[in-house]
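Me: I would like to learn how to read salt bridges and paired strands in a protein model. Could we go through them slowly, one feature at a time?

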Amino acid sequence: MQVVAGALLQGGDVLIAERPAGRHLAGRWEFPGGKIATGETDAEALARELHEELGVRIHDPIHLMTLTHDYPDRSVELRLYVVANFDGDARGLDGQRLKWVPIADLGAEDILEADRPFIEALQQRFSTPAGSRARTGSRTRTGSSKLAAP
C-alpha cells in the first residue's frame, strides 16, 4: 500500500492529527494524509487527502522522505511532504482532533511508529538555534501544542 502524508507548517509548528475512534490504531497521532489511488500522482493524492481531511488547499509540497513500515498484517510505503504554503484553516473534517506542535517537541507526542522517522527528518531540516523561531510557512504561531477545533 502506498500512502502520502503532509507535514503542514506554521512558524515552527507542525500539524498532527489523532486517528479517530473505530479506525486502526485509533487515538494515536499521525501526520495527515492517506492512500494513493490508482492513477494518482503523489501531488494529486496529497492535495485530495488534505482537502478532504482538513479543508485546506496546498501549494508546492516538497518531498522530505520515503520509508516502508511493516505492520503485522501489511506493508506500507509512506511518503512525507512538507507543506509550508496552503490556503484555509485546517480543521478535522473526519471528526479527528488536530494539534499544532513545535517541531522540537514532536518526539514527546504519541505518534504512530510508522511516522516516527519523519520526526527526526523534520527536526534536522528545520532545526533553529535556541530561542529563535523558524519562519516556514505563510502563517506564524508561537507557544506550545495547540488543539485545533475538529
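Me: How many salt bridges does the count come to?

Reply: Please keep in mind that this is a predicted model. A salt bridge is counted when a side-chain nitrogen of Lys or Arg lies within 4 Å of a carboxyl oxygen of Asp or Glu, and by this rule the count comes to 11 salt bridges.

Me: Which side chain meets Glu-18 in a salt bridge, and where in the chain do the two residues of this pair lie?

Reply: The side chain of Glu-18 meets that of Arg-97, with 2.7 Å from N to O. This pair links distant parts of the chain, for Glu-18 belongs to strand β2 (residues 13-18), while Arg-97 sits in the loop between β8 (85-87) and β9 (98-102), 79 residues apart.

Me: Is Glu-18 buried or exposed, and how should I read the value for Arg-97?

Reply: The general idea is that a residue is called buried under 20% relative accessible area and exposed over 50%, with partly exposed in between. Glu-18 has a relative accessible area of 17%, so Glu-18 is buried, whereas Arg-97, with 38%, is partly exposed.

Me: Which residue forms a salt bridge with Asp-110?

Reply: The partner of Asp-110 is Arg-28, and their closest N and O atoms are 2.7 Å apart. Here too the pair links distant parts of the chain, since Asp-110 is in the loop between β9 and α2 (116-125) and Arg-28 is in the loop between β2 and β3 (29-30), 82 residues apart. Arg-28 is buried, with a relative accessible area of 16%, while Asp-110 is partly exposed at 40%.

Me: Turning to the strands, how many bridges join β6 to β7?

Reply: Eight bridges join strand β6 (residues 62-70) to strand β7 (residues 75-83), and the two strands run antiparallel. A hairpin of four residues connects β6 to β7, and as one example of the pairing, Leu-67 has Leu-78 in β7 as its bridge partner.

Me: What should I remember about side chains in a regular strand?

Reply: In a regular strand the side chains alternate between the two faces of the sheet.

How values were computed:
Residues numbered from 1 in each chain as written. Predicted model: local features only at pLDDT ≥ 70, side-chain atom pairs only at ≥ 80, totals over all residues. Heavy atoms only, no water. Pairing = 2+ DSSP bridges. Buried < 20%, exposed > 50% of the residue type's maximum accessible area, 1.4 Å probe, protein only.
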